Amino acid sequence: MQFAGSHILSIGPFERPDVEYLFTIADRMEPYAQRRRVTRVLDGAILGAMFFEPSTRTRVSFGSAFNLLGGEVRETTGFEQSAIAKGESLYDTARVLSGYSDIIVMRHPQEGSVAEFAAASRVPVINGGDGTNEHPTQALLDLYTIKKELAGRGRGIDKLRIAMVGDLRFGRTVHSLCKLLCLFESIQVVLVSPEELRMPAAIVEQLRDAGHQVLESEALESSIKHVDIVYSTRIQEERFSSQQEADLYRGRFRLNQSIYTEHCEPNTVIMHPLPRDSRVSARELDDDLNDNPNLAIFRQTDNGLLVRMALFALVLDVVGQVDSHARDVNWYTAGRRG
Amino acid sequence: MQFAGSHILSIGPFERPDVEYLFTIADRMEPYAQRRRVTRVLDGAILGAMFFEPSTRTRVSFGSAFNLLGGEVRETTGFEQSAIAKGESLYDTARVLSGYSDIIVMRHPQEGSVAEFAAASRVPVINGGDGTNEHPTQALLDLYTIKKELAGRGRGIDKLRIAMVGDLRFGRTVHSLCKLLCLFESIQVVLVSPEELRMPAAIVEQLRDAGHQVLESEALESSIKHVDIVYSTRIQEERFSSQQEADLYRGRFRLNQSIYTEHCEPNTVIMHPLPRDSRVSARELDDDLNDNPNLAIFRQTDNGLLVRMALFALVLDVVGQVDSHARDVNWYTAGRRG
Amino acid sequence: MQFAGSHILSIGPFERPDVEYLFTIADRMEPYAQRRRVTRVLDGAILGAMFFEPSTRTRVSFGSAFNLLGGEVRETTGFEQSAIAKGESLYDTARVLSGYSDIIVMRHPQEGSVAEFAAASRVPVINGGDGTNEHPTQALLDLYTIKKELAGRGRGIDKLRIAMVGDLRFGRTVHSLCKLLCLFESIQVVLVSPEELRMPAAIVEQLRDAGHQVLESEALESSIKHVDIVYSTRIQEERFSSQQEADLYRGRFRLNQSIYTEHCEPNTVIMHPLPRDSRVSARELDDDLNDNPNLAIFRQTDNGLLVRMALFALVLDVVGQVDSHARDVNWYTAGRRG
């Protein structure tokens, strides 16, 4: 896979060496993301950020990642107000807006829309999520987090043991993560969900074809006993016929500190693509996990910055120059907590 | 006309030498807009972008133009939420917000509002469109596009032959373009519209007073036979009493590749202020023109960047310094298509 | 009080030396705010601006202040669209978003929300207003304006004579200003309001405990005779049972040029936290005061830029480096009016 000048629309084209190379570059972004060093390698470059669907986290993460490399961001948010809503084609929008920037990140509620936009764009386009289809940077940051969390234990992604919990049917992030896991070896995947929200058979098959061991279950507690990672996802109300039914199912897949202590191996890592629900009745990860050092959900979002910086540097082909446009940070960062 | 420190509210004050000087400066912005060079001449300057009416294209174009000169952009979008909506006067808003920036671009749905704002502003104000009144940078980029498109053929704006098609009654852009054309010589203008949407008599008179030849017509095909430029505009549904009536009229003024091939001279340039309608029933420029190299509609928006950069550089009086704050681009641009 | 790395949530922790030190630093920001000099001391730093409630003025002021120090701004506006609205806790939002920036400014309609957010944030947070609770930078810029306006007359904040007029019951800004005045000596405060909108007794008591002289009144004209400052505030319709009642009260507390000339000492300074109402029936400060050189309302907003720049420089601990990252402005500023 050639990064320079390419669109990043899907995890499909990523082979194992591509993923590993990306992660190596992401590692090199740490001093900048953690504000020990400042680099201005993209000083003068413009990111066009097109968010036709709200997403504070993803939008700010991409924007900050580009700023951290020295570039500027021109944002467009909202859908109703745009010319597109008035009947302009994605083709026209892409032709026009790609003249104003060096690279574009786009989020759009419709499947395939980002690819359609990219086909007409004159600059590289990164998919920031197109409906139920793809959100490649989320999948990459998830896998990068798994790698980093396990590295401290002398383990890698190969031979990983992971439980995925919650809505595995509609959860775009777990689908993409499974596809990425197929690039690695000898993984044990436990899929924990209500019957109605099981992982699509095609993805289970892909995992098995890759030589992985897949177990499906409806019981949380027995499923998280012998895994390195518990990857929890949100169960959305609208998937069920009533709130009562939703609450019933959600109740069975909630993780809290006492379940963790009783059932998980020590240091089992807890992940979640966020937002997690904070309503008591819908809490898939209880707030009493907040002080658990193995709760990696905010390290995930921090890693998102690194992965997005790495993608920008690769697509705009400045990897080799990042460190030569750098200097130490000169402002107060001592209070910054990890 | 003195650019330094002036408001740009209207095309009224522009004389022919002003237009020609602006275009010379716009030409000099090309290496920066095309990402061969980076200039930071306005590093530290702030553009206040006030868009009290949605306009993705214009807003991003102004913002990117300012970024390309090295400056920062602070945007305000939306109207309902602003203090103005709560009863604050444009005077107060202008006095306050002009303290936060070096130059302001403002778009507002009410005629005359930008001039009222500018009168109270402490920094130069550029009109980004005030209702049905003026949108001077659109007129200037249109004329600049005409100049550039014809230059390749050894021709200039003098002796231009142009057909304007569509809604000539309410179309702010064609009105302003006609006024600018009055600064030049011996132009043939063919005005093609439904009877109900004819060019206002006052503007036709202005064109004739300038010595230009004006022809009015309701027939598209015969009108585009001997022109250098076909300038098409959108016919909006709300101008008619019913959708049927709108469709009837729109049907008669649609241009597509087969009409173009049969009726136009080779290399006739097609322009449009955008957005063009992409609904099949309302398509004033058919998608089958997209591969026609004479379709200049996206060169128009690219030229908008150049004209806006030139205006910023002139109004902030840094024209002579642009090239001395410059260096080569260091990131990947090879994939950038014209 | 230690500024470096601290949250600025309230004026509570400010002691007199803190306020005086802040104002000294604000003075040093003048050449940058007035565009005689450019400093890039925060080049590479990112401000996360979270405005969960609309506020053009405050948002742009903070953003421009950060830009003027060389930093970048990533903004989030609107509430409905955010993950918070979908049930995400402030804790999660803070943990995530504080990973994307070096400092955060947040405005939120709910009392206490900014403090809750700050408790989970990994970087310093400045309160940009949390409902009826606090808006510390407004109070500080008001006091800074008083200091600057009086300095030209060889007077200080000690022994100040000030009239506060309008809605003193719900007016967050006058409450905070009173608390700051308690840090100084021998001040005369005249509180002018309708009976229903009187200053809360607790604040009156605080002023008296600080040794200040407090007078309450319902008569505008006699109350503004012997003061240095008239601080006017808006009387909002929703405080009354009918528009008639609101108009009646507002009528009695309006200041215009003829009342000013007849009743005020020469050079009495007029202040207002803005927005002032511009509807004739609701005008607390008449437009005929606009040419009065003692109308300081736009100097207040200009001072807001200085105070916010000073806070950023103090919290990020770059005060000593501001001038060493500076150069002269190279663009046109001659037209800039004070």
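User: What rotation superposes chain A on chain C?

Analyst: This is a predicted model. Chain A falls on chain C with an RMSD of 0.0 Å. The shift along the axis is 0.0 Å, and the rotation is 120°. That is how a three-fold axis relates its copies.

User: Which residue of chain A comes closest to the rotation axis?

Analyst: The distance is taken at the C-alpha. It is 4.8 Å, and the residue is A:Glu72.

User: Why do the copies meet through different surfaces?

Analyst: Compare the interface residues of chain A with those of chain C.

User: How many residues of chain C are in contact with chain A, and what area is buried between the chains?

Analyst: Chain A brings 36 residues to the contact, and chain C brings 40. Carbon and sulfur atoms give 45% of the buried area. That area is about 3,400 Å².

User: How many salt bridges does the rule find across the interface of chain A and chain C?

Analyst: Take one pair of side chains, A:Arg276 and C:Asp92. Their N to O distance is 2.7 Å, inside the 4 Å limit for a salt bridge. Across the interface of chain A and chain C, the rule finds seven.

User: Which element gives the most to the side of chain A that touches chain C?

Analyst: There are 15 residue pairs in polar contact between chain A and chain C. On the chain A side, helix 3, strand 3 (72-77) and helix 12 each supply at least two residues. The top contributor gives nine residues: helix 3 of chain A.

User: How many residues on the side of chain A that touches chain C are charged?

Analyst: That side has eleven nonpolar residues and eleven polar ones. The charged residues number 14.

User: Now look inside chain A. How far apart do the C-alpha centres of its two domains lie?

Analyst: Domain 1 covers 16-135 + 301-328. Domain 2 covers 137-298. In chain A their C-alpha centres are separated by 27 Å.

User: Which three residues supply more of the area that domain 1 of chain A buries against domain 2 than any other three?

Analyst: In chain A, 27 residues of domain 1 contact 22 of domain 2. About 2,100 Å² is buried between these domains, 53% of it from carbon and sulfur atoms. Of the area that domain 1 buries here, 34% comes from A:Arg16, A:Phe23 and A:His135.

User: What is the distance between the closest N and O atoms of A:Lys148 and A:Glu30?

Analyst: The rule finds three salt bridges across the interface of domain 1 and domain 2 of chain A. A:Lys148 and A:Glu30 form a salt bridge. Their closest N and O atoms are 2.7 Å apart.

User: Which element gives the largest share of the side of domain 1 of chain A that touches domain 2?

Analyst: The count between these domains of chain A is 13 residue pairs in polar contact. Elements giving two or more residues to the domain 1 side include helix 1 (16-28) and strand 5 (125-130) of chain A. The largest share is eight residues, from helix 12 of chain A.

User: Where does A:Pro275 lie?

Analyst: Most peptide bonds are trans. The bond joining A:Leu274 and A:Pro275 is cis, with omega about -5°. A:Pro275 sits in the loop between strand 10 (269-271) and helix 12 of chain A.

User: What is the phi of B:Lys159?

Analyst: Most residues other than glycine have a negative phi. B:Lys159 lies in the loop between helix 6 (136-151) and strand 6 (161-165) of chain B. Its phi is positive, near 70°.

Technical notes
Residues numbered from 1 in each chain as written. Chains lettered and ligands numbered in written order. Predicted model: local features only at pLDDT ≥ 70, side-chain atom pairs only at ≥ 80, totals over all residues. Heavy atoms only, no water. Least-squares fit on C-alpha atoms with pLDDT ≥ 70 in both. Contact = heavy atoms within 4.5 Å. Domains from an automatic or database assignment. Buried area = accessible area lost by both parts, 1.4 Å probe. Polar contact = N/O pair within 3.5 Å; in protein donor to acceptor, adjacent residues only side chain to side chain. Helix = DSSP H or I, 4+ residues; strand = E, 2+ residues; numbered from the N terminus. Nonpolar A, V, L, I, M, F, W, Y, C, P; charged D, E, K, R; others polar.
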